[in-house]
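These are my notebook entries on a single model. I set down what I looked up, entry by entry.

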Amino acid sequence: MTTFQCILMGFLIVCAISVSFSRNLLNSILIYMSYSLIMSILWVCLESPDLAITEAAVGAGITSVLFFATLKKIQAIRIEKEKTREEDVRHE
């Protein structure tokens, strides 16, 4: 392995550990995206461009978009629950 690949492997380990300890969901998604991009760079270094393109498209692209959409839905549900709680308190 070259020095560059070892540095990328170190970044992968840091991303994997930091996503586990992150309490903010948005930060977790961003760390996951960076993990996928680093992994796609590693696939290019290992001379497997087809896997690199797949990892970049699916890992950092589509999956992250789905995570962002889910996070938006979760926030909308939380806001709706808070509004109904406020209305319930007003009616009592």
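I take buried as under 20% relative accessible area, exposed as over 50%, and partly exposed as in between, with a 1.4 Å probe and protein chains only. The model is predicted, so I note that local features need pLDDT of at least 70, side-chain atom pairs count only at pLDDT 80 or more, and totals for chains, interfaces and linings use all residues. Residues are numbered from 1 along each chain as its sequence is written, and side-chain values use heavy atoms, with hydrogens and water left out.

Entry 1: E80. I looked up E80 in helix 3 (residues 49–91); helices are DSSP runs of H or I with at least four residues, numbered from the N terminus. E80 has a relative accessible area of 47% and is therefore partly exposed. I find the C-alpha atoms of E80 and A60 separated by 30 Å, with the two residues 20 apart along the chain.

Entry 2: S36. S36 is found in helix 2. Its relative accessibility is 1%, so S36 counts as buried.

Entry 3: helix 1 and helix 2. I looked up how helix 1 (residues 3–21) and helix 2 (residues 25–45) are arranged: their axes come within 9 Å and cross at roughly 155°. Axes are lines fitted to C-alpha atoms, for helices over the stretch in contact, and angles run from 0 to 180 degrees between N-to-C directions. The two helices are therefore roughly antiparallel, the term for angles over 145 degrees. Among the residues that meet are F4, L8 and F11 in helix 1 and I31, Y35 and I41 in helix 2. I count this contact as 15 nonpolar, four polar and no charged residues, where Ala, Val, Leu, Ile, Met, Phe, Trp, Tyr, Cys and Pro are nonpolar, Asp, Glu, Lys and Arg charged, and the others, Gly among them, polar.

Entry 4: the core. The largest nonpolar core consists of seven residues, L8, L12, C15, I31, I38, M39 and L42; such a core is a set of buried Ala, Val, Leu, Ile, Met, Phe, Trp, Tyr and Cys residues joined through side-chain atoms within 4.5 Å. Helix 2 gives the most to this core, with four residues. I also find that L12 touches Y35, I38, M39 and L42, not counting residues up to four places away in sequence.

Entry 5: E47. E47 lies in the loop between helix 2 and helix 3. Its relative accessibility is 71%, so E47 counts as exposed.

Terms used
Parallel < 35°, antiparallel > 145°, perpendicular 65-115°, else oblique. Contact = heavy atoms within 4.5 Å.
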